[in-house]
Amino acid sequence: MPKIGKIQVATGVYWVEIPEVQLHILCGCPADSVKHLMKRGLIVTKETKGVMYETGPNAVLLSDVLIQNGNFANLAEFPVLQMLYKQGMILPNHPNNTGVKPMLIGLSEQVEAQMQYIYRGNYGLVSKEEIMETGILSGMAHEMMRLKLRFAFGKISPAEELLDIRLVNSEPVEIRNRVFIRRIRLNVFEFQYEGETIEVDLNLSPHQSYEAPYPLGFHHIKREYFAVIHSGEGDGWNVNRPCMSSILMFQGKVYLIDAGPNVLYSLMSLGIGVNEIEGVFHTHAHDDHFAGFTTLMRADHRIKYFSTALVRASVAKKLSALMSIEEKNLFDYFEVHDLEFDVWNDIDGLEVKPIFSPHPVETSIMTFRTLWEDGYRSYAHFADIVALDVLKTMITDDDTKNGISQAYFERVKKEYLSRVHIKKLDVGGGMIHGNAEDFKSDMSEKIILSHTSSDLSNKQKEIGSGAPFGMVDILIPTSQNYAQQYALEFLRSYFPSAPVHQLRILLNNPVVAFNPESILLKDGVINEDVFLILTGNVEVIHTELGVHNILSAGALIGEMTGLYRVPSMGTYRATNFVEALRLPRSLYFKFVKQNRLYANIRRLQENREFLQKTWLFGEVVSYPIQNKLAQAMRFYTYSEGQIFPREMNSAIFIVKHGKLQRYIDEDVFETLTAGHFFGEECVLFETTSLFQVRAAEPTEIYKIPGDVLLDIPVVRWKLFETFQKRMKLILKPELGSMPPFHWREDYSVYIPEIDKRHKEIFERANKFYEAIASGKPKSDLEYALNVLIRSIETHFSEEEALMQKEDYPKYETHKKKHDQIVKDIFEFQEAFRKSDFQINKTVLDFFRKWIIVDILTEDRKFGHFLNSKKGGLLK
């Protein structure tokens with residue numbers, strides 16, 4: 001019998017077990033990984049000594065990369081909660097509370113990020129001061145902390161008290177009980193136990209995605225004036241349903257309430273493209289309401305983000321910890337609208353009132369309303385709430401103790417029972433969720449019970465209704481044709497020079513519906529109709545060219561085929577219910593000719609076709625946005641050996657044909673071919689690149705101005721992702737001819753006193769690296785580390801003084817980064833002093849990361865500021 005077992009649980013998720021030593025490892029933990037384990041029977045309910053509990057993993061192997069193909073690869077919050085509470089590893093007097101902690105295994109940067117994200121997921125904001133920074137007054141902040149500490153059993157505990165960690169590198173590391181793991185290459189790991197080995201590959205192929213644990217089917221949803229689509233009634237443990245969420249339709253626009261796991265799958269099932277989302281109302285930061293946010297960050301427009309400032313701060317801290325991105329930069333991907341507590345906030349005619357809800361993290365329950373003939377029509381979304389009998393146990397007259405006042409309890413009860421037309425409730429029970437029985441006397445017209453992993457009891461069924469996925473409650477029916485409105489908006493974006501009466505010729509055609517998985521246009525066929533997609537998604541497939549993209553609302557299908565009578569260069573297939581304006585080819589041809597649009601359409605189509613084949617623009621970016629990009633593109637040619645100028649130029653340069661080299665000194669770090677790009681540093685950070693670029697052969701490129709890119713979140717995301725990957729290449733010794741911390745003149749910020757310190761830090765970091773690599777004794781390592789730390793402290797002090805002297809506008813932000821780096825360094829130093837601590841190349845990753853972020857990015861911003869101020873030139 002093999003001693004090590006491996007099971008593929010789902011795409012990108014594996015189970016490795018060594019029963020002899022009671023080690024069970026969840027490998028890969030994207031959203032809903034616990035539900036996948038439950039569906040595979042790897043988590044089951046057992047009883048020991050009269051105690052019921054679940055089985056499951058006791059360790060989690062993290063992906064080397066946080067995000068794969070647009071989705072979080074590492075979301076360990078629910079697996080850890082399942083270990084601590086459902087398995088009982090933290091519960092007093094539980095048979096599974098043996099002193100063994102859940103374990104996180106992975107690269108240091110991923111483990112550190114998960115620890116902080118779990119910490120923020122447990123507690124949200126962790127001090128009165130953090131709460132007050134959101135505008136909450138001192139007295140109320142004190143009351144909120146009293147409540148939070150009562151939920152937390154009196155103490156905010158760091159994640160380190162709850163979890164063990166193992167940092168993985170290329171050398172075998174013992175997990176426990178003689179089981180070892182090593183990293184073979186990116187996202188590929190080998191487990192070893194008593195002569196046996198198992199390999200686990202967590203990489204997704206380019207067109208793979210993490211799958212949902214439940215089927216949803218397809219739903220054809222009519223756009224209404226004011227209606228609620230029920231898009232989830234389960235919780236984080238329900239294997240058959242999405243987590244509690246709703247979608248509001250108001251005046252034809254689509255708004256999400258929360259974005260839980262697999263939100264893209266839910267939207268796809270409902271025939272809604274992510275580019276159709278107008279905004280998201282966010283209740284709180286627990287994963288079952290939060291895990292889908294990368295989907296929204298990858299839209300082609302800045303989706304409006306509605307929450308109270310309190311919730312937004314809690315969300316930002318958790319997302320920042322998870323993604324290692326500054327809090328202030330996270331909301332570059334959204335259009336932020338802060339809501340005020342306890343008042344009606346007007347959102348273009350849709351009014352919303354958020355109410356603070358008792359919960360372990362900052363939470364707002366929300367009521368929505370809009371004016372109609374009989375007054376207001378209203379919908380209340382109460383996620384998450386707490387049972388009144390649980391809340392009652394927290395009442396205390398002593399405001400120095402953790403808990404709540406009697407007055408606050410009465411206020412919460414009154415808000416819970418407020419009368420509305422439709423009210424959706426969290427009835428998950430337990431210590432932190434609601435109880436249906438509290439709403440027996442609620443006078444609302446309709447109550448929907450939600451946020452539960454079990455079937456409703458008869459008592460609950462007497463109180464409220466259920467809401468299967470895709471069910472729609474219409475509060476105000478529509479008398480308008482929103483599809484025609486969408487069509488006019490799209491046509492105007494395509495043909496801004498055409499008069500409206502000409503566009504109405506095209507509008508006077510039928511809107512047709514396509515069933516999911518229907519083919520609109522086959523590869524090699526000359527079509528007789530052009531289709532303007534109004535709702536839903538269409539996939540474009542050309543297997544021989546390796547093309548597989550998703551088109552959203554606004555796409556024109558068959559335009560070039562119809563105009564030029566040439567066969568289609570791909571198959572177009574509905575991925576869900578699709579509505580489209582059907583334009584006869586002959587009419588479309590006459591419209592184009594009459595309005596003299598032929599040449600412009602041809603040029604834009606050629607540019608769009610090129611964009612669609614690139615990684616940067618091919619996925620998600622809609623036709624109207626592609627049109628905008630296509631109009632802004634400019635074409636250039638470069639001869640072999642020609643070097644690109646290095647001045648500040650906020651633009652992306654993307655290769656159409658040929659080959660470019662990105663290099664520093666004589667080291668070539670990357671070769672760029674068709675579809676590859678450069679220039680992201682200047683667009684994102686307004687700094688020049690560390691790399692020089694030259695043409696390795698005659699090359700054609702397109703230049704796209706940076707100002708048209710930054711308002712496209714999915715493109716901004718990919719630029720940032722590319723920037724991070726490229727900066728990591730610089731300090732990989734195998735990719736250059738020099739040691740990893742070798743100073744290069746290209747690193748200069750052109751401020752002599754700062755460059756001098758940077759060179760010193762590089763020199764001392766390299767000596768530290770060499771001491772580790774050559775296996776020097778601990779005393780030598782300690783000396784090298786102390787010398788490096790002193791040099792870093794001196795540099796920070798001198799640089800901050802110069803920033804203050806020169807009135808650098810980003811001084812406060814820069815200093816906060818320095819403070820965090822110093823804190824982390826001292827933690828390393830303290831850990832080193834412990835006898836069982838080993839410094840290895842994994843630890844050195846921290847210094848590499850800091851040098852990338854601080855010296856090669858942040859200090860260059862200051863260098864550019866100071867040189868510009870003094871009339872100099874940052875080369």
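Student: Ala 313: buried or exposed?
Tutor: Buried, at a relative accessible area of 16%. Buried means under 20% relative accessible area, exposed over 50%, and partly exposed in between, using a 1.4 Å probe and protein chains only. This is a predicted model, where local features need pLDDT of at least 70, side-chain atom pairs count only at pLDDT 80 or more, and totals for chains, interfaces and linings use all residues. Residues are numbered from 1 along each chain as its sequence is written, and side-chain values use heavy atoms, with hydrogens and water left out.

Student: Where is Ala 313 placed?
Tutor: In helix α8, residues 309-323. Helices (H or I, at least four residues) and strands (E, at least two) are DSSP runs, numbered from the N terminus.

Student: What is Ala 313 in contact with, leaving aside neighbours within four places in sequence?
Tutor: Leu 125 and Thr 134. Contact means heavy atoms within 4.5 Å. Gly 124 is 189 residues away along the chain from Ala 313, yet their C-alpha atoms are separated by 8.5 Å.

Student: Switching to Val 566. Where is that?
Tutor: In the loop between α15 (559-564) and β34 (571-574). Val 566 counts as partly exposed, at 37% relative accessibility.

Student: Which residues does Val 566 touch, not counting those up to four places away in sequence?
Tutor: Val 525, Ile 526, Met 560 and Thr 561. Val 525 lies 41 residues from Val 566 in sequence, and 8.0 Å from it C-alpha to C-alpha.

Student: Now strand β25. Why is it said to be largely enclosed?
Tutor: Five of the five residues of β25 (residues 422-426) are buried, so the rest of the structure largely encloses the strand. In a regular strand the side chains alternate between the two faces of the sheet. In β25, Ile 422, Lys 424 and Asp 426 sit on one side, with Lys 423 and Leu 425 on the other. Both faces are covered.

Student: Which way do β24 and β25 run, and over how many bridges?
Tutor: Parallel, with four bridges joining β24 (residues 375-382) to β25. Two strands pair if DSSP finds at least two bridges between them. Ala 380 stands opposite Lys 423 in β25.

Student: And β25 with β26?
Tutor: Parallel again, over five bridges, with β26 covering residues 446-450. Leu 425 stands opposite Leu 449 in β26.

Student: What about the second largest pocket, how much volume?
Tutor: About 1300 Å³. On a 1 Å grid over the protein atoms alone, a pocket is an open set of points where a 1.4 Å probe fits, with protein on both sides within 12 Å along at least five of seven lines; lining residues have an atom within 4 Å of a point. Grid points are joined across faces, edges and corners, and the volume is the space filled by probe spheres set on the points.

Student: Last one, helix α14. Which residues are buried?
Tutor: Gln 502, Leu 503, Leu 506 and Leu 507, in a helix spanning residues 500-507. Seen down the axis of α14, they fall within an arc of 155 degrees, so they line one face. The arc is that of the directions from the helix axis to the C-beta atoms.

Student: What covers them?
Tutor: The cover includes α13 (482-494), β35 (578-584) and α16 (585-594).
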